[in-house]
Amino acid sequence: LSHDLRSTITVMQGYSKMLPMVGELNPTQQDYLEKIKNGLDTIMTLVEGILTEDRIEKGVVLSAGEVDLPVMIQSVVAQLESLANQKRVKISLTDVTPDVVIQGDAVLLKQAIYNVLHNAIKFSELDGSVVVKLTDTEEHVLLEVHDSGPGISALDTPFIFEKYYHPKTGDATLEKTGGSGLYIAKFIIDAHRGTITVESELGKGAVFKIQLPKRLAIKKDGR
């Protein structure tokens, strides 16, 4: 089913790109078209997440290539713009080093970044903020995602990357929304020989930190 959905969405994305070729769009139409494109990209990412879970269960084989992280982050932010607007959450890209290129599986890394950013927006309070930072060092890159959510207790922190874990936030609605997003993100980062950690305390938001090597050593079996 997921593969069928991906094929259908790909067709819809293709036609959305061809629409301006039919005739010139006015600014309002262009704005609506961009929202449709971002919506389709978001649905595609969700489908890819389902397929990623399947790959995890069967054993992930990485497809290594060059990944421009700042461009990827901008793409993910655009996909999540609608969700951020619904919650009136401002996403700020501060101290994002340009032209940071690493080796990795572009599809999986985008899924990991999407999951972490989606989680930050989901748990941020109304009129809150999410700050993204990207630092380039000689051998590694460090991606930080700061949110203005309710924070994570010291009791919950060790389990936050477990599948379907529900953190105790004090918000009954959010406590029912635990999923596999952070679990998938950690699996992907681990597969890239990286690390993902969280620093938080109740009432003070959370900071997720992803460190990735700039060069990826992959064995012959792709792992």
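**Exercise 1. Find which helices supply at least two residues each to the lining of the second largest pocket, and describe that lining.**

Step 1. Keep in mind that you're looking at a predicted model. Start with the helices: α2 (27-58), α3, α4 (81-87) and α5 each give at least two residues to the lining of the second largest pocket.

Step 2. Now for the space itself, which comes to about 240 Å³. The lining has 15 residues, and Asn 38, Gln 79, Glu 81, Ser 82 and Leu 83 are the ones closest to the pocket's centre.

Step 3. Sort the lining by type: you get eight polar, four nonpolar and three charged residues.

**Exercise 2. Work out how α3 begins and which of its residues are buried.**

Step 1. Then walk along the helix and pick out the buried residues: Leu 69, Pro 70, Met 72, Ile 73, Val 76, Val 77 and Gln 79.

**Exercise 3. Trace the largest nonpolar core, beginning with the residues that have the most contacts inside it.**

Step 1. This core has 43 residues, and Leu 69 and Leu 117 have the most contacts inside it.

Step 2. Check who contributes. At least two core residues come from each of α3 (69-79), α5 (106-123), β4 (129-136), β5 (140-147), α6 (181-191), β6 (195-200) and β7 (206-213). The largest share, nine residues, belongs to α5.

Step 3. Zoom in on Leu 69. Skipping neighbours within four places in sequence, Leu 69 is in contact with Val 100, Ile 102, Ile 113, Leu 134 and Val 141.

**Exercise 4. Decide whether Ser 92 and Lys 186 are buried, partly exposed or exposed.**

Step 1. Ser 92 lies in strand β2 (residues 90-96). Its relative accessible area is 17%, and buried means under 20%, so Ser 92 counts as buried.

Step 2. Look at what surrounds Ser 92: leaving out residues up to four places away in sequence, Ser 92 touches Val 130, Val 131 and Val 132.

Step 3. Lys 186 belongs to helix α6. With a relative accessible area of 29%, Lys 186 is partly exposed.

Step 4. Again leaving out residues up to four places away, Lys 186 touches Phe 161 and Ile 196. Glu 162 is 24 residues from Lys 186 along the chain, and their C-alpha atoms are 9.1 Å apart.

Conventions: Residues are numbered from 1 along each chain as its sequence is written. This is a predicted model: local features need pLDDT of at least 70, side-chain atom pairs count only at pLDDT 80 or more; totals for chains, interfaces and linings use all residues. Side-chain values use heavy atoms; hydrogens and water are left out. A nonpolar core is a set of buried Ala, Val, Leu, Ile, Met, Phe, Trp, Tyr and Cys residues joined through side-chain atoms within 4.5 Å. Buried means under 20% relative accessible area, exposed over 50%, partly exposed in between (1.4 Å probe, protein chains only). Helices (H or I, at least four residues) and strands (E, at least two) are DSSP runs, numbered from the N terminus. Contact means heavy atoms within 4.5 Å. On a 1 Å grid over the protein atoms alone, a cavity is a set of points where a 1.4 Å probe fits but cannot get out, and a pocket is an open set with protein on both sides within 12 Å along at least five of seven lines; lining residues have an atom within 4 Å of a point. Grid points are joined across faces, edges and corners, and a volume is the space filled by probe spheres set on the points. Ala, Val, Leu, Ile, Met, Phe, Trp, Tyr, Cys and Pro count as nonpolar, Asp, Glu, Lys and Arg as charged, and the others, Gly among them, as polar. A polar contact is a pair of N or O atoms within 3.5 Å; within protein, one must be able to donate a hydrogen and the other to accept it, and residues adjacent in sequence count only if both atoms are side-chain atoms.
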